Amino acid sequence: MAAPTFPSPLSSHFVAIGATVCLLSGMGTNVKAVETPGLRVYPSQVQLDSPESSSQVLVFGRSSDGNSVDVTRQATFQVSEADIIQISSMGRVIPLKEGRVEVRVNWNGNSSTVAVEVKGIASPPAVSFHHDVIPILSKAGCNSGGCHGKAEGQNGFKLSVFGYDPPADYEALVNSGRGRRVFPSAPENSLLVRKATAEAPHGGGRKIEPDSRWDRLLQRWIREGMSLDPPSIKPLSGIVVEPPEVTLEVLGTQQLRVSAIDANGALRCVTSEADFQSNNEAIAGVDRQGLIAATAVPGEAAILVRYLGHVGVCRVTRPNGSGSSDLSRPSESNFIDRLVWDKLDRLHLIPSSVADDASFMRRAFVDTIGTLPTTNEARGFLADQSTGKRSRLVAELLQRPEYSDYWAQRWSDLLRIDKDTITPQSAVAMSRWVRGQIDHNVPYDQFVRSILTAQGSTLSQSPAAFFQVHSEPEKAARAVSQLFLGVRIECAQCHHHPFERWDQKDYFALAGFFTDIKRSPHPLGGLKIAAGAGSDVIHPRTTQPVPAAGLGAPPATFAMGQDRRQVFAQWATSPENPYFTRTIVNRVWAHYFGRGLVEPIDDLRATNPASNERLLDALAQHLIELRFDLKSFTQSLLDSQVYQLSSEVNESNRIDEQNYSHALWKPLPAEVLLDAISQATGIAEEFNGWPKGYRAIQVWDNKLPSHFLEVFGRPRRETVCACERGTEPSIAQALHLMNAPGTIGKIHEPSGRAAQLAQSELTPDAIIEELYLATLSRFPDQGEQQLMRQAFESQDRPAATEDILWTLLNTKEFVFNH
Amino acid sequence: MYNINIGQHRHCDGISRRQCIRLGATSLFGGLSLPTLLQLQAKAATTNQLPKAKACIFIMLEGGPSHIDMWDLKPEAPAEIRGPFRPISTAVPGTHISQLLPHCAKVADKFTILRSHSHNDNAHQTGRHWVLTGYPPSFADGQAKGVPFNELYPSIGSIVSRELGEGARVPPYIELPNALGPGGPGFYGAKYAPFTIDNDPSQPDFKIRDLNIPASITDERFERRQRLLAEAERLGVGQPTSGRAHTLSSYYQQAVDLVTSPQARKAFDIQAESSATRERYGYSSIGQSALLARRIVEAGGRFVGIDHGSWDTHTDNFSSHEKTLVPPTDRALSALISDLDDRGMLDDTLVVMMGEMGRTPLINKDAGRDHWSQCQSVILAGGGIKRGAVIGASDKTASFPTTQPYGIQDLLRTIFALLGVDADKVYSTPLGRPVPIVTGGKRIDELLA
């Protein structure tokens, strides 16, 4: 397979968003460099082609400081002939009769004009069920998951959620309920209309105003004979959201305009029928009419727009403070710094200073190899005066065997290497395979291709057991999609994904790659995984086979007898696949920086944009240039100034959690924490049935009984979701740190660090220093020395040493990486 | 209820001013997600609520108890169905239960038997998930596993913890003597996870794990350590005022409170009960768990889940019911109900005892009974439940309800109504999917006093 079988799976909304930029270049975004006239009206020509249509006009003015701002609601509108159209104070144009008219827009002494043409009033185009009725049912909330869109419907009336199944909705409206919902001879008496307008008692209340455009549209549809569009009706090709991004001052507002692009490329304004939602209400909200309103909280938000299964987004930036920033930019080690500083500049955030050597060292050890530095390693690094020692440390860490142990364990979680699912023998075999891949730094794309096309015995050192875990086509499709492409396709199993473009067809198309995988008992035990010829999956609603296809890609073609998974793997791991590289880049970034550029980290979609899209793109590009070499990629991340920032905040960046203006506090994962306690106390944990000296990050058995690991959130390996690892604190954790007999025992053990130090010739100050290095990997300062000396004043050396060790193990500085 | 209109809440109506201020202060530059806000804004639909119960003790008989051998006997049925046990009369004239339940028979005037509980999931994991979360699991990963693919519904206890959990000296949601299968917080998050007492209170050396300061550490030394720790934290690296490290701080404080508060320690100190009382509940896992549950509720606990296992009697159904399963359960339940009543606590403590299924009326070749979810008996008492009633009836072989069958959602709606929890409240998953506390179902008014 030289070339991928499909073209790039760039989705249409990416295209739509791209198109938006062209349509509205420079408008609405207050980039100062763009020349803005005193007043701009968009669009300059409006066409209305049915009695129930409407069109949103956007008006941009220039503020006192020269920025372009939305003045749509402040502007006044004068219409040359008042009986042709109506224009509301929010800039929405509604037709009254056919003709042409000019609207003069005035604001702050400036004026401009818009030409409006009204057609289709005398003989309006027939109402389309798909394109006109369904959007109203959605916008009015009729088919929402809480109302008639529920699985069991509401009071005997059931619609498909978000209108994903128009024929079923048609059936529900027109034929079921003994046909009482529509009344063609007197449309105004139809139950549909009377309930929606609350003329008849309606549990949901009034959803549509009587005699409104929507009321009239529903009635016209009924009057025209309730046609269901022919099956050949062409779906929309996308939507355009304008403006695509905007910077808002404190309490600033921006009206949105949404257009639907039909199959012929023609645009129609659907602002009043589109659904709007903010992903970050604390920063900017949006109302039903598409008016964005910023709060006083600085940051970024994405306004999600949904219309007939298509989604678009407007990105809102709310800079910190009202004035402009005057930052002296910190130095840059690589492109990561440049792109993060750019972002912080725009948000007027001042990054924290660079962390001291000790903080950097502990952070790098724990993040990279899941292991604390020993006291000797710590002393050595801190004493080293040479330049470039940080970068050298990272390079050394990446070559250590603990790196392979730690990352093998993380991948074993995600790949669900669970002995209860695939037998202990298979779990050992596959764990070894994973560790070997990481140890040899096999390029990530190759690693994934091996998994996706795995075959052979599950007892051999191979990823074959992946297909024992994911034992059905749909199961495999869901797991692969989330794990490697960052697309959570499972919503689409039952209905159109509400925030994405994926529908049931996409879901079953993906499953088609994983059909006919044979899992037969192997003569030597375990299963033998082999690919058969494969077949397309039958769509349960249409009962038609859905041709196998990658997400957003045209149907795949297979050579005779070809393993379908090979075609999929080729498509999925291609550098041109926009999901694949971004997903792994985001995953690795989230590990080292404590938060994904996209969160949740395996949920990439246009409506869930990255907190720094340019950075995510650049990182993806970088990994491609590195030919998917994850160790080199990690080196780049850790060489950046951004990674090396202190976790201590300043006035300006205190509230920032997603722009990397300071290091975040990350809880030590369960296994790492247990190893850290063992190392700090000098007493290894003993795992039942394992040779002495094995560390928790080396244990392949995720079900090994351990209260400690359970309390601190070891994942059960039952899903491919990174979220399965518990990262939330609990009372049980606090109690366990405080009183657990295991930990207390390790502190007290005669051969342990505390007893050894107490018996040594060291002075109390030297003991304190050693304990700080062993736990927090840094020297204590004078105040801390003084505090800890108190422990020695009232009791003997063993008790004092134990108390200090207990205290340090209970600090959050120990339990977290910071 | 997906129609929570966010736009209308731009000025934070729908959440309290204090929450607003807190949001403003800690909104983490984007750390506060839309779902979080939706959760804060999730609105209660108005329902006729009749909060009677302050707390719920939920006894889960894992594996599926045999309703036809315990609560719904069919002495007229053929021998291959009715089994060897005979009905006995109870404190309620006309109500008969199994000879295996003599203690419960004496207090039958205090509880109600629901004989028409029915659902259609005949497997353990999936059935238990449904019972404990209210959601029939369409586990993408099959029923061998307790966790549905990516979407984890919160359990009753976590819901109660979220809705009613503020302010007690003990954790609001406690499980014992081990974790209930699908008893977790689902997408609600760790904050609403149960505090699991992973220990059997009938054991002579019973104690709450990690609750007690190790014997080698005197109280004085513990206090000294706490002082040292507080100072070390103050002097150490500057810590964030929000996020997980901050949450752990507050949990740490709660843990210190638990460890040092006499009230909390007393709640868990089952040895403080007289031997007569302990005897009354029976020295069994279920008996002492029920007693400890009562102590926890006294200390302000809101939901105590008791897990009691081994009811999956595919073989030797009769000897195991007669010898090992029913007698301790009979003793524990009757003691719990009458003890709560004696203490004036029954009216505001709801007790529920059920399994994930019943058992087949037809006895199999191994003298066992198999899975049967179509007809089961649920025992309810206190907290606004009728006293001494029998609700619903089954056919002459105890195979199907002959009266209105009541499903799991019906039961959960009833439980939540009595606790004053609005079952129609909606929270959104991190993916933005709105999940009502209960979907479908109707409150079972027949059960209410």
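This report walks through some helices, strands and packed regions of the structure above.

## Before you start

This is a predicted model, so local features are described only where pLDDT is at least 70 and side-chain atom pairs count only at pLDDT 80 or more, while totals for chains, interfaces and linings use all residues. Residues are numbered from 1 along each chain as its sequence is written, and chains are lettered from A, ligands numbered from 1, in the order in which they are written.

## Chain B in outline

Chain B has 14 helices and 14 strands. Helices (H or I, at least four residues) and strands (E, at least two) are DSSP runs, numbered from the N terminus. Of the 449 residues in chain B, 53% are buried. Here a residue is buried if 20 or more other C-beta atoms lie within 10 Å of its own, exposed if 12 or fewer, and partly exposed in between, with C-beta atoms placed from the backbone.

Take contacts in chain B between residues at least 6 apart in sequence: 72% of them join residues at least 24 apart. Being in contact means that the C-beta atoms of two residues, placed from the backbone, lie within 7 Å.

B:A91 sits in the loop between β2 (87-89) and β3 (96-98) of chain B. Why is B:A91 called partly exposed? Because 13 other C-beta atoms lie within 10 Å of B:A91. B:V107 is 16 residues away in sequence, yet the two C-alpha atoms are 6.2 Å apart in space. Leaving out neighbours within four places in sequence, B:A91 is in contact with B:A105, B:K106, B:V107, B:A108 and B:D109.

Now for the cores. A nonpolar core is a set of buried Ala, Val, Leu, Ile, Met, Phe, Trp, Tyr and Cys residues joined through C-beta atoms within 7 Å. The largest one has 275 residues, and B:C56 and B:V352 touch the most other members. Not counting residues up to four places away in sequence, B:V352 touches B:C56, B:F58, B:I59, B:V378, B:L380 and B:I415. There's also a second, separate core of 53 residues, which includes A:A301, A:V305, A:Y307 and A:V313.

In helix α9 (residues 389-398) of chain A, the residues A:R390, A:L393, A:V394 and A:L397 are buried. They're on the same side of α9(A), because they cover an arc of only 100° around the axis. That arc is taken from the directions from the helix axis to the C-beta atoms. An α-helix has 3.6 residues a turn, so residues three or four places apart point the same way. The buried residues of α9(A) pack against α7 (357-369), α8 (375-383), α10 (401-414) and α19 (630-639) of chain A.

Helix α17 (residues 580-593) of chain A has 14 residues and reaches 20 Å from its first C-alpha to its last, close to the 20 Å expected at 1.5 Å a residue. The expected span is 1.5 Å times one less than the number of residues. α17(A) is mostly covered, with ten of its 14 residues buried, among them A:F580, A:W589 and A:F593. Just after α17(A), A:G594 takes a positive phi of about 80°.

## A covered strand and its partners

How many of the nine residues of strand β19 (residues 299-307) of chain A are buried? Nine of nine. Both faces of β19(A) are covered: A:G299, A:A301, A:I303, A:V305 and A:Y307 lie on one side, and A:E300, A:A302, A:L304 and A:R306 on the other.

Two strands pair if DSSP finds at least two bridges between them. Strand β16 (residues 275-278) of chain A pairs with β19(A) in the antiparallel sense over four bridges, and A:S278 stands opposite A:I303. Nine bridges join β19(A) to the antiparallel strand β20 (residues 310-318) of chain A, where A:R315 is the bridge partner of A:A302. The hairpin of β19(A) and β20(A) has two residues between the strands, and A:L308 takes a positive phi near 45°.

## An open sheet and another hairpin

Chain A also has an open, antiparallel sheet of three strands in the order β13-β18-β17. β13 (253-255) and β17 (284-286) stand at the edges, each with a single partner strand, so one side of each is left without a neighbour in the sheet.

Strands β22 (residues 517-521) and β23 (residues 527-531) of chain A pair in the antiparallel sense over five bridges. Their hairpin has five residues between the strands, and A:G525 in the turn has a positive phi of about 100°.
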